[in-house]
Amino acid sequence: MATQKTTIAKALNAGLRKAMEDNPKVILQGEDIGQLGGVFRITEHLQKDFGDDRVIDTPLAESGIMGTGIGLALRGYRPVVEIQFDGFVYPAFDQIVSQLSKLHSRSRGAIKVPVVVRIPMGGGIGAVEHHSESNEAYFAHTLGLKVVFCSNPEDAYWMIQQAIECDDPVIFYEPKRRYHEKGEVDFDAPAAPRDLFSAHVVREGTDLTLACWGPMVKVCLDAAAVAAEEGRSLEVIDLRSVSPIDIDAITRSVEKTGRLVVAQEAPSFVSVGSEIAAMVTERCFYSLEAPVIRVAGWNTPYPASKLEEHYLPDLDRVLDGVDRAFAH
Amino acid sequence: MSDTDVAATPPLGGMDHHVSVDPAAVPPRAAADGGPDMVQLLTPEGERVAHPEYDEIVDALSHDDLRGLYRDLVLIRRVDQEATALQRQGELGLWASLLGQEAAQIGAGRAMRTQDHAFPGYREHGIAWARGVDPMRLIAMYRGVDKGAWDPADHGFHPYTIVIGNQSLLGTGYAMGIQRDGAVGTGDPDRDAAVIACMGDGATAQGDNNESFVFAGVYNSPVVFFCQNNQWAISEPNARQTRAPIYKRADGFGFPGIRVDGNDILGVYAVTTAMLDRARSGEGPSLIEAFTYRMAAHTTSDDPTKYRVSAEVEVWKLRDPIARYKRWLMSEGIADADFFESVERESDELGEKVRSSTVSMPDPDVNDIFDQVYVEPHRQVEDDKATFTAYLDSFETTTEGA
């Protein structure tokens, strides 16, 4: 296959297929993921090729999907469960928080629950309510879970495979408005040497650090390109993982640039961005030339879709944040 | 099998046991007493009631097996009494007593095969006992030493689950795994496996339980939902949990539901054996409602005098699961005075062991807070552990310097 230009959606599909080929214990379950291939077609053709014992169309019950997924893991399987949309994960929240995240420590290590929870996340698709949320803070706040985001096709391909190989439970966020954006994917590159939980400097710069993840990575890269025209050199870091946070990658960058803007779709209040601001302040206070600025969704419920362009941080709002950081 | 066998000395092992009550002669049971549908093989007075489906299962038990069940009942009640007392003495943070539910739990636990798996709530000490979990592991949890850290792989007995109803979905998922392993319906008695998912009457109101019924029904999974209806969800009676009798719910989910006298160990053993066999052979899920009574408080933190009358408890005392079974064993000549004395001695020894082991149980290592949160290290947990270690070390330095 070698290197091909493809979409995040197709890269995820290929990554899932590879994981299922490599390990017969990998099982997918979720609503409409079989015959239909999922509402976003991420699991397209997988049931046809792997059978309905391994690609399971479930009843419409998220706690049931999650709880039985954990049960399958207890039996030795590696389930990848799909939550159809971000805002539908809450019925499964109890199972995720009370069981998935805690069984390993409850059993003092006797039990492993290698479950991957795939969640299409974020706004920007003009959807009705409950289809546009960025709820990573709930899960990042739950120790026992790991929480990652893919932001491009290349990462989507190897990150989903590594998440499945990970012995800890992983919440795997997919930026749904980027599903059909294309990028180069090296399908022959082994997933193993790369660290799922390490941040990636996607653009080097010297004047300010932009930290972001998931759908905001493209916004920040675009902002950095515009800023460069204005003579500002921005370093863009794709966190990939928001639990754990690769804090060393961020502090290394901030020690160089002296300024940090964190950009996220989620509201800023009690968020991953707030945590990064606190961590950076504690660790490299004397390197900072300005307060850490958060550019985020407003501190409200996600609005009706005709208003979402005013809610989601776009290129201009990121650059406004950059301006505020440079005002000091 | 005969329901008129009156042999003075029953034969040893695997043969007919004396059946003295003709079910046709028993007047219909009132709803509050379990209703007419309730399977009962042993009356509160200790008389065997014939049953066309289940007699065969009871008759397959040897006298050793039957005496073993009595021993189980007495010993787990002793563990429970000691644990309650230890809590009163400040040695345990909490205890959830199984008093009155011994027959339901031992009956179900002993119906399981080695390869079967149980998913308990937090009161299933009797099933834990039957699965070979050291009672001290249960006590360690209620003492606050750990969170119930036995290895399910060693016992087919999963961690205690405190969030009501969560475990029935885990059990159903596990049963889906058994299906995918090809360990159901092969006819190999050492391979085919099933799950017992435990719940109480309170848990039947939970979404997770109802979702587990849906999943197990849709996938025909080998899981027996074992509901101990002990009549009370802390202070709320059955009437606040369900309008229909619990066992009748199974109808709506498309699998059999059976109510059995939960204080009748022969009944629970027989019904659970039959339903587990059914599950292992590929016929799918079932719901057993073991109709019993929580004789003690919900936990040692509860005061049932606030919400229930003692007259109700007195009625259920007359239905005690151990007393009726002992009466039957004696009347059948299955066990003699020497046997009962030996069990009492063993019970006393176990009680002493539970007391001494509890008070001498070491506190956990502080690093337990951080270790085993993840399989593979998590940076922020590691950072916290380092911070805490440095903090503790700072006191040692101060002490040395002083």
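Contacts, domains and a sheet in a predicted model

Me: What makes 38 residues of chain A count as being in contact with 35 residues of chain B?

Reply: Two residues are in contact if their C-beta atoms, placed from the backbone, lie within 7 Å, and 38 residues of chain A are in contact with 35 residues of chain B. This is a predicted model, in which local features need pLDDT of at least 70 and side-chain atom pairs count only at pLDDT 80 or more, while totals for chains, interfaces and linings use all residues. Residues are numbered from 1 along each chain as its sequence is written, and chains are lettered from A and ligands numbered from 1 in the order in which they are written.

Me: Which element gives the largest share of the side of chain A that touches chain B?

Reply: Helices (H or I, at least four residues) and strands (E, at least two) are DSSP runs, numbered from the N terminus. Helix 3 (62–74), helix 4 (93–100) and helix 5 (103–106) of chain A each supply at least two residues of this side, and the largest share, nine residues, comes from helix 3 of chain A.

Me: How are the residues of the side of chain A that touches chain B divided by class?

Reply: Ala, Val, Leu, Ile, Met, Phe, Trp, Tyr, Cys and Pro count as nonpolar, Asp, Glu, Lys and Arg as charged, and the others, Gly among them, as polar. The side of chain A that touches chain B accordingly has 14 nonpolar, 15 polar and nine charged residues.

Me: What divides chain A into domain 1 and domain 2?

Reply: The bounds come from an automatic or database domain assignment, which gives domain 1 (3–186) and domain 2 (200–326) of chain A. Their centres, taken over C-alpha atoms, are separated by 26 Å, and the contact takes 23 residues from domain 1 of chain A and 22 residues from domain 2 of chain A.

Me: Why are strand 1 and strand 6 of chain B said to stand at the edges?

Reply: Two strands pair if DSSP finds at least two bridges between them, and the open sheet of five strands in chain B has the order 1-2-3-7-6, with parallel pairing. Strand 1 (117–119) and strand 6 (257–261) of chain B each have a single partner strand, so one side of each is left without a neighbour in the sheet.

Me: How do you know that strand 2 and strand 3 of chain B pair?

Reply: At least two bridges are needed, and strand 2 (residues 195–200) and strand 3 (residues 223–229) of chain B pair in the parallel sense over six bridges. The bridge partner of Gly200(B) in strand 3 of chain B is Gln228(B).
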